[in-house]
Amino acid sequence: MLPSVNRAPRPGAPTGPARRRVASTATLVLAASALVAAPASAAESPSVPGPPGPHQVRFATFNTALERPGQGALAAELATPDSEQARNVAEIIQHVRPDVLLVNEFDHDEEGEGARLFQDNYLSVGQNDAEAIDYPYVYTAPVNTGVPSGADLDGDGRAVTEPGTPGYAEDALGYGAFPGQYGMVVYSMYPIVTERVRTFQTFRWADMPDALLPADPATGGPYYSDEALEVLRLSSKSHWDIPVDTGRGRPIHLLASHPTPPAFDGPERRNVLRNHDEIRFWADYVTPRAGSYIYDDEGRRGGLPVGAPFVIAGDLNADPHDGDGHPGAIARLLEHPGITDPRPSSQGGRGAAQRQGGANEGHAGDPGLDSADFTDEPGPGNLRVDYVLPSRIVPVRGSGVFWPTVDDSLFRLTGDYPFPSSDHRLVWVDLVRP
């Protein structure tokens, strides 16, 4: 790598010291330093993008697989700089250097310790030849995973509410061993308009018009009891609308989520159908008048204001051609007239599909668009499940998937199973700031 130099803060980012903390609920917080270091040269690795151009902002999503089996375990691990996985995840972020980053599968804790410690001990520390990166703004909030529902959601005749008891995760509002497992965090170089953030954690699935609620294949009647439908929320984690002030007058709304995988269910296909409707939520939210039924956690109703720029981001757990998802799920976004699909790609994804074979040999989709390296035998194989989808009014200037080829010097960060970082790849898109 060639030597690097410091660069000025991104337009709109504050300068000077500030105290970094992460609040216990849906709160915007300032970080320690807003100065943005320049990335090291990527001359040795074609998988590393150059910096965004003038008046551009880089959005990214990354399922980091930093969930842990016990409550508090992730924060305890991140309290030291010794986690090899976290170091590799941080180095990937430092190479790509997104301005706004959604992190999926990062355990939420009430004090926000995990999110703060990942910044302090990993992102703020240069990993190998990468330059440290400091995000002035951090957003995190509670999620539904691991929250007891009090109802029998998996159909085994029991409503399990005691953490650690067999069946607890299956009966939680979103699959999880404890509240906050598989959570989400947003790191940003730009201010977040805190007072305009909307969260939709408590929106009930049954309140979606024409929801694809599962049927009992044995009887043809409803799979869920009335008691279950009364409490079951649509979001397996949450849906967040986070306005980001990129300094040009109109905030870009980051629409963040992580729908349930369309798998691990039975013939009723409850997870397949929930995945579809979790994705449909955003399609309705950004379509004029289609989201009139939506209410947020503060009771405010309606979708996104007409003409507001947005970016839908996250591990949506749906491939447009392959895998087990509902065939119409991700098409609701990719074929939406108000959404652009930048089709981020990589040579590493193409090489992995060819090298690993198995289910990949029967796929219909372009492996260059894949963003996750899943089991090849018996399947589903590698899939495109992670997305950064901007509104059509926001011009796209570049995109990619961080998936180095085997001869790339940074292949060590992604590798093959067992993965040194995550089974997902960071996906990024460069946009012109509105």
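Rings of Phe, Tyr and Trp (for Trp, the six-membered ring) count as an aromatic pair if their centres lie within 6.5 Å, and a pair with planes over 60 degrees apart is called edge-to-face. By that criterion this model, which is predicted, holds 17 aromatic pairs.

**First stop: an aromatic pair**

Select Phe-200 and Phe-281, whose rings form an edge-to-face pair. The distance is 5.2 Å from centre to centre, and the planes stand at 65° to each other. Distant parts of the chain are linked here, the two residues being 81 apart. Phe-200 belongs to the loop between β6 (198–199) and α5 (226–231), whereas Phe-281 is part of helix α6.

**Second stop: the largest pocket**

The largest share, three residues, comes from α6. The volume of this pocket is about 1000 Å³. To find its centre, select Thr-260, Pro-261, Ala-263, Phe-264 and Asn-317, the closest to that point of the 45 lining residues. Colouring the lining by residue class gives 18 nonpolar, 13 polar and 14 charged residues.

Most residues other than glycine have a negative phi.

Pro-378 sits in the loop that runs between α8 (347–356) and β10 (386–390). The bond from Tyr-417 to Pro-418 is likewise cis, with omega near -5°. For Pro-418, look in the loop between β11 (396–401) and β12 (427–432). Most peptide bonds are trans.

**Last stop: a helix crossing**

Finally, select helix α2 (residues 84–96) together with helix α3 (residues 113–123). They pack at an angle of about 80°, and their axes are 10 Å apart. Angles of 65 to 115 degrees count as roughly perpendicular, and α2 and α3 are therefore roughly perpendicular to each other. On the α2 side, display Ala-86, Arg-87, Val-89, Ala-90, Ile-93 and Gln-94; on the α3 side, the contact is made by Phe-118, Tyr-122 and Leu-123. How do the residues of this contact divide by class? Seven are nonpolar, one is polar and one is charged.

Terms used:
Residues are numbered from 1 along each chain as its sequence is written. This is a predicted model: local features need pLDDT of at least 70, side-chain atom pairs count only at pLDDT 80 or more; totals for chains, interfaces and linings use all residues. Side-chain values use heavy atoms; hydrogens and water are left out. Axes are lines fitted to C-alpha atoms, for helices over the stretch in contact, and angles run from 0 to 180 degrees between N-to-C directions. Helices (H or I, at least four residues) and strands (E, at least two) are DSSP runs, numbered from the N terminus. Angles under 35 degrees count as roughly parallel, over 145 as roughly antiparallel, 65 to 115 as roughly perpendicular and the rest as oblique. Contact means heavy atoms within 4.5 Å. Ala, Val, Leu, Ile, Met, Phe, Trp, Tyr, Cys and Pro count as nonpolar, Asp, Glu, Lys and Arg as charged, and the others, Gly among them, as polar. On a 1 Å grid over the protein atoms alone, a cavity is a set of points where a 1.4 Å probe fits but cannot get out, and a pocket is an open set with protein on both sides within 12 Å along at least five of seven lines; lining residues have an atom within 4 Å of a point. Grid points are joined across faces, edges and corners, and a volume is the space filled by probe spheres set on the points. Rings of Phe, Tyr and Trp (its six-membered ring) pair if their centres lie within 6.5 Å; planes under 30 degrees apart count as stacked, over 60 as edge-to-face and the rest as tilted.
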